[in-house]
Amino acid sequence: MNPQFKKGVIEMCVLKMISRKDMYGFEVIETISKEIDVNENTIYPILRRLTKAEYFDTYKETMSIGAPRKYYKINDEGMAQLKVYESEFGKFIKSVYRILGGNEE
Amino acid sequence: MKNEYLVQLKDLLDRYEMDESEKQEIVSDYSDMYDSWVAKEMSQEEIEEKLGKPKNIVRSLVEGYRRIPKPSDKRTKIIAISPFISLIAFFILGFGFNEWVYSWMVFLLVPVIAIVVEMSRDKDPHITTALSPFAATIAFYILGMQYGLWHPGWLVFIIIPMLGIFNSRKEMNLRVLLVSLSPFLAGILFIYLGEKGYYHPAWLVFFIIPFIGATLEKSFNKALIIVSSIVFGVALYLYIGYTFEEWYWSLFAFLPLVLFWIINGDIVITTGDGDVPRGYKIVSVIAILGYLAVSLTTQAWIITWLIFLIIPVYAINREVKGNERTIALTPFIALTIFMVLGFFFTLWAWAWLVFLIIPITAIIKEA
């Protein structure tokens, strides 16, 4: 798969995952790499980019063992961006299915 | 390893005009992720593969950031141009004057220029110490090639520690200075007496070093024990040796001195602290046993010390990854080839060329 395309899809997945529940960095990496064949080391830069784009807020949560964890929480801007991505991706998928002769309209 | 990884990451981030807080945040995030993988019981190699090489991480994080330009003042330019000057001089001396045997020395200009340029800027008093290995190498080579004085021409290398001590004289008191100079005094005496035909028992003059060194002992009693043990040992050694012709047994005369040094903590026998992995210890033992076995069998002591290179080679192989590993190994490969060509084929005059594989490999790999 084209790496740029894949990166875009992963970006959307990261936004979606964190929209469901607040997650810490390692959790995001572990969860996504279980589902998609992706290098773990490509995910943190995406997470960071999305944070810099102000789609996430971050906060620290103390743990019973070890250092406090940094959690990512999606904000309104992030939700709006996710909707844009989902809509664009949905249209794109439909178009691909049409070309491939699938059942999607 | 984690620290090294994070330090490397921070160093690379420091090359960009990024807020310090942002850099710290990235390093902290990677520290957390590193710990999370550690908790999953992954090896350091696996963790660093999962996190990615610091170089690649930084590349993916610094989009939109300006790289801090490297200082490119006149001094840097002079250093940068020196290899080319050396190369041109090398060919002129070689093709123009047929001085191939000596022309390689112009390459010493590269580190010499760098040392002069960098150290003269800070008026570093150790500049002559830093330059002395090159001066000594040139003098040694000329003495050897021109006059066949390889021995005692090697003595010129004494200039290196002597200059080191001389340049540090202001930081030393008189007693420390005397102790520092004692090895040279002993060495000169040893060579002088040796050349008169008394290498044995002239080696005893090296006891001058601990003898003078005893003056640094804070306790008078300890100093007295050391001095008297040396006097007693030397006297008994000579007595047993000359009376009974039993020189090996007479070495036991120094047993009290050695025992005192061990008790006093001057001689410490150690196999490394708990952090030294077992592999290092095994390789070290193999190297020592291999060295002794091969040397005693072949009597080729001049070249068998190469066996000890397996220790740093093992360490590099274990600790260094990727391109850096190949680059780090080239000096050892070059040294081995150099010694083999010189020792077995007497190609010393040409064998040095093999050292060129070090910069060549580095340039190719980095490119």
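1. The model is predicted: local features need pLDDT of at least 70, side-chain atom pairs count only at pLDDT 80 or more, and totals for chains, interfaces and linings use all residues. Residues are numbered from 1 along each chain as its sequence is written, while chains are lettered from A and ligands numbered from 1 in the order in which they are written.

2. Chain A has an open sheet of three strands in the order β1-β3-β2, with antiparallel pairing. Because β1 and β2 of chain A are at the edges with a single partner strand each, one side of each has no neighbour in the sheet. Strands (E, at least two residues) and helices (H or I, at least four) are DSSP runs, numbered from the N terminus. Two strands pair if DSSP finds at least two bridges between them.

3. Strand β1 (residues 23–24) of chain A is joined to β3 (residues 69–74) of chain A by two bridges. Met23(A) has Tyr72(A) as its bridge partner, and Tyr24(A) has Tyr71(A).

4. Strand β2 (residues 56–61) of chain A runs antiparallel to β3(A), with six bridges between them. Asp57(A) is partnered by Lys73(A) in β3(A).

5. How many residues of chain A are in contact with chain B? There are 11, and they touch 11 residues of chain B; contact means that the C-beta atoms, placed from the backbone, lie within 7 Å. On this side of chain A, α2 (25–35), α3 (43–52) and β3 each give two or more residues. α3(A) gives the most, with three residues.

6. By class, the side of chain A that touches chain B has four nonpolar, three polar and four charged residues. Ala, Val, Leu, Ile, Met, Phe, Trp, Tyr, Cys and Pro count as nonpolar, Asp, Glu, Lys and Arg as charged, and the others, Gly among them, as polar.

Conventions: Two residues are in contact if their C-beta atoms, placed from the backbone, lie within 7 Å.
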